Amino acid sequence: MGSLDESSPYLRAQANLAELKLDRMCASMPDYVRMVSDGERDFAQAMAEMTQAEVGARRERVMRQRIRSSGFPYVKTLADFDWSFQPSVPRAKVEELATLRFVDEAENVLLVGSPGVGKTHLAVAIGVEAVKVGREVRFCDCARLVDDLKDAASRGILKKRLQYYAHSKLLIIDELGYLDIDEHGADLMFQLVSTRYEQRSTIITTNVGIGGWARVFGDDVAASAIADRVCHHCTLIKITGRSYRLKDVPSDRRKGD
Ligand code: ADP
Ligand code: MG
C-alpha cells in the first residue's frame, strides 16, 4: 500500500489538513504555496493568514451552534428592528439592555404589549447579544416551560430540572399570559422565579400587564409572589403601538389592532 509518508510534502500536507478538517487551509494552500514561492509572503505570514481564516470560520460555527441550541424561535437582531415603526419602544433603554449590564447584575426585563408589537423580537435580539459574548441563554415558550416542569415533577426530577433552568445566565420566558396557568403550574413558576431571584436574569414577554397576572395564574397570592420577584430589579418596557404583522394591511381591514 502506497504510504502517505512516501508522497510529496504537498500531498501529505493536504491530506493532513483534510483529516484535521481544516477545510479552509486545505483550499487556500495551493494559493499560499504559490505566493510563498513567488516571494509575496514569507512562511510565517502565510501561516498567520491561513490559520486566521480557519479560526474565523470556527468561531462563526460555534456561535451559530450556540444560537441554535439556545432555542430561539427565530434569529433577529436590534439592527433588524424598525424603531420608527414602533416609537413607544424606548430605544436608549433597549440599547442599554443590549450592553448586558443587566445580565451581570442579575436583573430582569419585562416586555409588555399586545401581539405583534415586537416583544419576542427584542427579547431574541438581546438574547443573541448575550450568546455572542459567551453567556448561556435559554429561550422558552411559557406554556411549554410549565408543561416541562410539570412533567419533571411527575417523574420526581423537578429539583434537577429547576437546577437546569437556574443555570442559564439569561432565561427568556416568552408569551406569559397567552394561556392560563393552573395552580400547580403557578407553584412551579414561583419555584423557578425564586431560584433565579437576584442570582440570574430573566426576560419575560407578555401580553398581560402585572395587574392581570392574577387571572393568568388563577390566584392572587401566587401571582403577586411571582410578580414581586420578577419586578424587583426590573426594567419594564411597555409597547403600545400596532402589530408589525399587520403593518401592510390597510387600516379598514384590521381587526382589533
Ligand atoms: P410579539 O410582540 O407578538 O412577540 P414579534 O416580536 O414576534 O411579536 O414580532 C412579530 C414579527 O414582526 C417578527 O417577525 C418580528 O421580527 C417583526 N417585527 C415586530 N416589530 C418589528 C419592528 N419594529 N421592526 C422590524 N420587525 C418587527
Ligand atoms: Mg411573541
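Which residue forms a salt bridge with R91? Here are some notes on that and a few other features.

1. Ground rules. This is a predicted model, in which local features need pLDDT of at least 70, side-chain atom pairs count only at pLDDT 80 or more, and totals for chains, interfaces and linings use all residues. Residues are numbered from 1 along each chain as its sequence is written, chains are lettered from A and ligands numbered from 1 in the order in which they are written, and side-chain values use heavy atoms, with hydrogens and water left out.

2. The R91 pair. The partner is E95, and the closest N and O atoms of the two are 2.9 Å apart. A salt bridge here is a side-chain nitrogen of Lys or Arg within 4 Å of a carboxyl oxygen of Asp or Glu. E95 and R91 are separated by about one helical turn because they are four residues apart in helix α4 (residues 91-97). Helices are DSSP runs of H or I with at least four residues, numbered from the N terminus. Relative accessibility is 37% for E95 and 43% for R91, so each counts as partly exposed (buried is under 20% relative accessible area, exposed over 50%, partly exposed in between; 1.4 Å probe, protein chains only).

3. Helices α7 and α8. Helix α7 (residues 142-154) packs with helix α8 (residues 158-167) at an angle of about 145 degrees, and their axes are 7 Å apart. The axes are lines fitted to C-alpha atoms over the stretch in contact, and angles run from 0 to 180 degrees between N-to-C directions. From α7, L145, D148, L149, A152 and A153 meet L158, R161, L162 and Y165 of α8, where contact means heavy atoms within 4.5 Å.

4. R161 and D148 join their side chains in a salt bridge, 2.8 Å from N to O. This pair links distant parts of the chain, with R161 in helix α8 and D148 in helix α7, 13 residues apart. R161 has a relative accessible area of 25% and is partly exposed.

5. A network, and the total. Salt bridges with shared partners connect E96, R101, E105 and E107 into one network. Within it, R101 forms a salt bridge with E107, the closest N and O atoms being 3.6 Å apart. R101 is partly exposed at 34% relative accessibility, whereas E107 is buried at 16%. The count of salt bridges comes to 14.

Notes:
Helices (H or I, at least four residues) and strands (E, at least two) are DSSP runs, numbered from the N terminus.
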